[in-house]
Amino acid sequence: MTTAAAETATVTLPANAVPSIDPYLMRGLLWCAHCTTLMAPGDPILDTSKGSPVWRLAYTCGGCDRKADAGIVDETVWRRVIARANVRSLAPQYRQWIVRQMLAKVNLTIDGRNLQFLWSM
Ligand SMILES: [Zn+2]
């Protein structure tokens, strides 16, 4: 049995890296595979799955109005990014900068359950 080496990228934070407090990590990078439209921060989702209702940040498709839980999307993307770039201890305000260096786009699949990653590095 052979094991393929994991694809990794080296990301060095330059002095001019731009910090961000944007709560939407994937702003400008998340696309709807159903209608190929950019998804943007939209109205929150009311999550009633765990007893008391909680409002959760969401991305909304500008074309077909599909929604995605921003917390789940952002966490999923960040885990993939740190697995690829090995930047585990990076300060949170530089996460968006790193994501923008490494990803060209991410598609929310037609069934809305998965993410397809298009890496730029
Ligand atoms: Zn759409």
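I began with contacts in the chain between residues at least 6 apart in sequence: 52% of them join residues at least 24 apart. Two residues are in contact here if their C-beta atoms, placed from the backbone, lie within 7 Å.

I noted what kind of model this is. It is predicted, so local features need pLDDT of at least 70, side-chain atom pairs count only at pLDDT 80 or more, and totals for chains, interfaces and linings use all residues. Residues are numbered from 1 along each chain as its sequence is written.

**Overall layout**

I looked up the secondary structure and found 2 helices and 8 strands. Helices (H or I, at least four residues) and strands (E, at least two) are DSSP runs, numbered from the N terminus. From the N terminus on, I read the order as β-β-β-β-β-β-α-α-β-β. The C-alpha trace spans about 40 × 40 × 30 Å along its principal axes.

Next I checked burial. A residue is buried if 20 or more other C-beta atoms lie within 10 Å of its own, exposed if 12 or fewer, and partly exposed in between; the C-beta atoms are placed from the backbone. Of the 121 residues in the chain, 20% are buried.

Not counting residues up to four places away in sequence, M26 touches Y59, V73, D74, V77 and V106.

**Two single residues**

I found P23 in the segment before strand 1. Is P23 buried or exposed? P23 counts as exposed because it has 12 C-beta neighbours inside 10 Å. I also checked P23 against L57: they are 34 residues apart in sequence, and their C-alpha atoms are 8.6 Å apart in space.

Q93 is in the loop between helix 1 and helix 2. Q93 has 13 C-beta neighbours inside 10 Å, so it counts as partly exposed. Which residues does Q93 contact, leaving aside its neighbours within four places in sequence? I found P19, S20 and I21. Last, I checked Q93 against D65: they are 28 residues apart along the chain, and 29 Å separates their C-alpha atoms.
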